[in-house]
Structures are given as C-alpha cells and as structure tokens.
Amino acid sequence: MATTTVLFPWKDAYSVGIPRIDTQHKGLVRLINDLHAAMLEGRAKQALSHIVDELVDYTIQHFAFEESMMRQLGYSALREHQQLHQKLTSQVYELRDKFRAGKITVTIETMHFLKSWLSGHILSADMAYSRELVK
C-alpha cells in the first residue's frame with residue numbers, strides 16, 4: 001500500500017493555548033485528512049458522504065462550544081466571531097448539499113478549500129480571541 005502524504009499536518013502555530021479547543025481543532029484537521037485520504041483511495045461516494053456529514057456535524061458542535069466559552073469569558077469581539085461562524089457554517093452546509101446532490105465531487109481543489117478555510121480561521125479569528133482570553 002502506498003504511503004499518502006497528509007494534506008493538513010497539525011502545527012504548533014495552530015494552538016490557541018486552550019487545550020479543549022486545540023483538541024477540537026485537531027479533530028477537524030483529522031476529518032479533513034480522512035476525507036482527503038478517502039478521496040485519494042477512490043472510496044465510494046457513500047464513504048465520502050459519511051465523512052462530509054461528520055465534518056459538518058463536528059464543525060457545528062465546535063463552533064457552539066467555542067461561542068459558549070467566549071461568552072462565559074467575556075470575549076469583546078464575540079458578535080463578530082459569531083458572524084464568521086455563521087458564514088463558515090453556511091459554506092460547509094453548501095459544500096455538503098452540493099456533494100449530496102452530485103453537483104460537486106471531492107477534488108483536490110475542495111480539499112485545499114477546506115484546509116485554507118480551517119487554517120485561515122484558526123490563524124486569524126481564533127488567534128484573536130486567544131490573545132485576549134489566554135493570559
């Protein structure tokens with residue numbers, strides 16, 4: 001069996017300094033890597049669909065937890081962060097719905113979108129709350 005390169009390796013630069021959030025981010029990274037591996041292995045649409053659904057569900061749970069934590073800790077930019085989450089949630093729903101409808105397939109472009117979507121969010125918006133909340 002050929003060794004596949006991991007599309008989205010975890011880097012210390014992604015750590016927000018909150019262990020539970022870092023663990024959840026690592027879970028999202030794992031799901032993106034699982035989807036990438038399934039795509040490269042040519043797994044059936046049903047297997048890919050299951051991973052896409054899991055990615056959507058996990059994203060929604062993560063965002064809910066993150067927003068609850070920010071609310072409890074009094075994050076000053078909570079409203080703006082919630083708006084980003086709403087936009088990102090819409091994007092993952094749209095991706096899932098298009099995939100289910102057969103309008104898109106999981107391609108390397110899709111994988112790079114997911115990687116940049118998550119890494120960009122962590123490195124900008126999540127690091128902003130980290131700077132304020134992690135002392």
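Q: Which residues are buried in α3?
A: The model is a predicted one. Buried here means under 20% relative accessible area. In α3, the residues that are buried are Leu78, His81, Gln82, His85, Leu88, Thr89, Val92, Leu95, Arg96 and Phe99.

Q: Against what do the buried residues of α3 pack?
A: An α-helix has 3.6 residues a turn, so residues three or four places apart point the same way. The buried residues of α3 include Leu88, Val92 and Leu95. Packing partners of the buried residues are two helices, α2 and α4 (108-133).

Q: Are α2 and α3 roughly parallel or antiparallel?
A: Helix α2 covers residues 45-73 and helix α3 covers residues 78-100. Their axes come within 10 Å and cross at roughly 170°. Angles over 145 degrees count as roughly antiparallel. So α2 and α3 are roughly antiparallel.

Q: What distance does α3 reach from its first C-alpha to its last?
A: α3 has 23 residues. At 1.5 Å a residue, 33 Å is expected. The model comes close to that, with 32 Å.

Q: Which residue takes a positive phi just after α3?
A: The phi in question is about 75°. The residue just after α3 that takes this value is glycine 102.

Q: Is threonine 110 buried or exposed?
A: Threonine 110 lies in helix α4. Its relative accessibility is 12%. The cut-off for buried is under 20%, so threonine 110 counts as buried.

Q: Which backbone oxygen does the side chain of threonine 110 reach?
A: Leaving aside neighbours within four places in sequence, threonine 110 is in contact with Leu95 and Thr105. The side chain of threonine 110 reaches a backbone oxygen at 3.4 Å. That oxygen belongs to threonine 105.

Q: Which side chain does a polar contact join to that of glutamine 24?
A: Glutamine 24 is found in helix α1 (residues 19-40). At 11% relative accessibility, glutamine 24 counts as buried. Not counting residues up to four places away in sequence, glutamine 24 touches Tyr58, His62 and Phe65. The polar contact, at 2.5 Å, is with histidine 62.

How values were computed. Residues are numbered from 1 along each chain as its sequence is written. This is a predicted model: local features need pLDDT of at least 70, side-chain atom pairs count only at pLDDT 80 or more; totals for chains, interfaces and linings use all residues. Side-chain values use heavy atoms; hydrogens and water are left out. Helices (H or I, at least four residues) and strands (E, at least two) are DSSP runs, numbered from the N terminus. Buried means under 20% relative accessible area, exposed over 50%, partly exposed in between (1.4 Å probe, protein chains only). A polar contact is a pair of N or O atoms within 3.5 Å; within protein, one must be able to donate a hydrogen and the other to accept it, and residues adjacent in sequence count only if both atoms are side-chain atoms. Contact means heavy atoms within 4.5 Å. Axes are lines fitted to C-alpha atoms, for helices over the stretch in contact, and angles run from 0 to 180 degrees between N-to-C directions. Angles under 35 degrees count as roughly parallel, over 145 as roughly antiparallel, 65 to 115 as roughly perpendicular and the rest as oblique. The expected span of a helix is 1.5 Å times one less than its number of residues.
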